[in-house]
Amino acid sequence: MAPSALICETQPWKDLKAHVDDIKKTHLRELMSDTERCQSMMIEFDGMLLDYSRQRATSDTLNKLKNLAEAAHLKEKINKMFNGERINSTEDRSVLHVALRAPRDSVINSDGKNVVPDVWQVLDKIKDFSERIRSGAWIGATGKALTNVIAVGIGGSFLGPLFVHTALQTDSEASEFAKGRQLRFLANVDPVDVARNITGLDPETTLVVVVSKTFTTAETMLNARTIREWISAALGPEAVAKHMVAVSTNLTLVEKFGIDPNNAFAFWDWVGGRYSVCSAVGVLPLSLQYGFAVVEKFLKGASSIDQHFHSAPIEKNLPVLLGLLSVWNVSFLGYPARAILPYTQALEKFAPHIQQVSMESNGKGVSIDGVPLPFEAGEIDFGEPGTNGQHSFYQLIHQGRVIPCDFIGVVKSQQPVYLKGEVVSNHDELMSNFFAQPDALAYGKTPEQLLKENVPHHLVTHKTFSGDRPSVSLLLPSLNAYNIGQVLLAIYEHRVAVEGFVWGINSFDQWGVELGKSLATQVRKQLNASRKKAEPVEGFNFSTTALLTRYLEASTDISKEDCTVLPKM
Ligand code: F6P
């Protein structure tokens, strides 16, 4: 395939299109009865088991997907990523988040320079700083230890760290190290989020970490100024130096903001925002909360998958297989969504993180060369921990639309509970659902089965389940820092990259978020002019003018004086 040709013009793509009819003739019930097939669709890596036998796929499908991978030059693209080539061509950047978790002695070049020593320089700085904060060697302006952290950031500067924090919170080792400490996240520019974050916190014992790759994101900067005001109102402006630090690629703006550059933790433009949790973006707040040693295990887990992704052959390569199967589901079977269903509450923030990793990466309408795509790329990701989701949207998954599901289960609960006399432990109860749901989706229930069960005739169609609904099951040995980095973070990051590489899009830019931002700038100007100078609403369409006018007229009680107002909670 010529580098600029579209993947859908290749023979392997056409072969897969033609293959859809063969698959549609076979119900998953039949596919599941072929034990040899099922055996071949289970892979183990580093203690984790992936079972993809409930995909609507045969060995023939997999061979055809391999051909597609070859036509898309998948292996070459993966190598280019690891070699630091500027594969994010629209931003002229390399894509090297794998360097963030590479062992200290590894060599990963960007523009001919090994970036690993720079990565470790920042990691060492974080280790030192977090130890000083945690031990009380670094104290606040009034001499108190800083036991609470508010991380101010949004998007990739928030979702990954929040997911990892939520997952570690109930891990026995991590929670032991977090005793007496709090980590909160301020993301939304909604002042309600400010109120929620500062409620119950004392500025004297709070450290604020402003996290922004660009240090220009409107929401983050306003929130950072608001929290700076909260600190200086209570402790005086000179307290900011002791109570605020930053994570950014833009150290000039950090200094302009008033944060001592010595207290800034750098990362680099070769780290995409949504791929930045292994940089200081995640490592600093998480080390402050759990200690660097715990976070280092998370990095090691991610690194183990990086090496596997880089070197394992397609048929044993977890992120590659998962990515190819996703392409099969989206582009050939026509399923536009994917449900992420972890059977552990500790992963409640996993789906929101993957939403950004996946949809901001692959929600594109043109190829990497700017050619409009004649097929839909990307998928709609959503999810909720099981069993909560079962009592919410699973109805649609079982009898409504077909949504391929990722079931994620854990062998050993982070917090085992068993009540004497109960049939099973609480974790076994949870896992009974983890094992049952994929089969319910795959097999369904036929009218014949229902009639045999004496279901009244008028309810038979209502109680019929067509089945044939695909899923994958991932079984992890436990949920600790290492697995969180390994299985969840790196596997999903690379799976998304594989999909993008095959579709021939740029998974590392995000131009689609810009238009809304620039229109908000116009509205912001208007609100200022109308509130401060009573200027009429102008330059918008009828609908927006009407809405803005209603909003302004109904909020004239808002103070016109230029004085600071902070939440009163
Ligand atoms: O929403 C767009 C975006 O640029 C994301 O890609 C990014 O993660 C987020 O904003 C935050 O950006 P920054 O870290 O520069 O504040």
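Predicted model: local features only at pLDDT ≥ 70, side-chain atom pairs only at ≥ 80, totals over all residues.
**View 1. Residues around the ligand.** The ligand has 14 residues around it, and those that come nearest are Ser157, Ser212, Thr214, Thr217 and Glu360.

**View 2. The contact of domain 1 and domain 2.** The domain assignment of the chain gives domain 1 as three segments, 9–83, 312–411 and 426–506, with domain 2 spanning 98–297 and domain 3 spanning 514–554. Between the C-alpha centres of domain 1 and domain 2 there is a distance of 34 Å, and their contact draws on 26 residues from domain 1 and 22 residues from domain 2. About 2000 Å² is buried between domain 1 and domain 2, with 65% of that area on carbon and sulfur atoms.

**View 3. Polar pairs and the side of domain 1 that touches domain 2.** The interface of domain 1 and domain 2 is crossed by 2 salt bridges, while the count of residue pairs in polar contact between domain 1 and domain 2 is 7, with both residues at pLDDT 80 or more. On the side of domain 1 that touches domain 2, at least two residues come from each of helix 5 (74–82), helix 16 (350–362) and helix 21 (481–503), and helix 21 gives the largest share, with 9 residues. By residue class, this side of domain 1 consists of 15 nonpolar, 6 polar and 5 charged residues.

**View 4. The salt bridge of Glu493 and Arg101.** Glu493 and Arg101 form a salt bridge in which the closest N and O atoms are 2.8 Å apart.

**View 5. Backbone geometry in two loops.** The peptide bond that joins Gly386 and Thr387 is cis, with an omega of about 10 degrees, and Thr387 is placed in the loop between strand 11 (380–383) and helix 17 (394–399). In the loop between helix 4 (59–71) and helix 5 lies His73, a residue that has a positive phi of about 55 degrees although it is not a glycine.

Key: Residues numbered from 1 in each chain as written. Heavy atoms only, no water. Domains from an automatic or database assignment. Contact = heavy atoms within 4.5 Å. Buried area = accessible area lost by both parts, 1.4 Å probe. Salt bridge = Lys/Arg side-chain N within 4 Å of Asp/Glu carboxyl O. Polar contact = N/O pair within 3.5 Å; in protein donor to acceptor, adjacent residues only side chain to side chain. Helix = DSSP H or I, 4+ residues; strand = E, 2+ residues; numbered from the N terminus. Nonpolar A, V, L, I, M, F, W, Y, C, P; charged D, E, K, R; others polar. Near = heavy atom within 4 Å.
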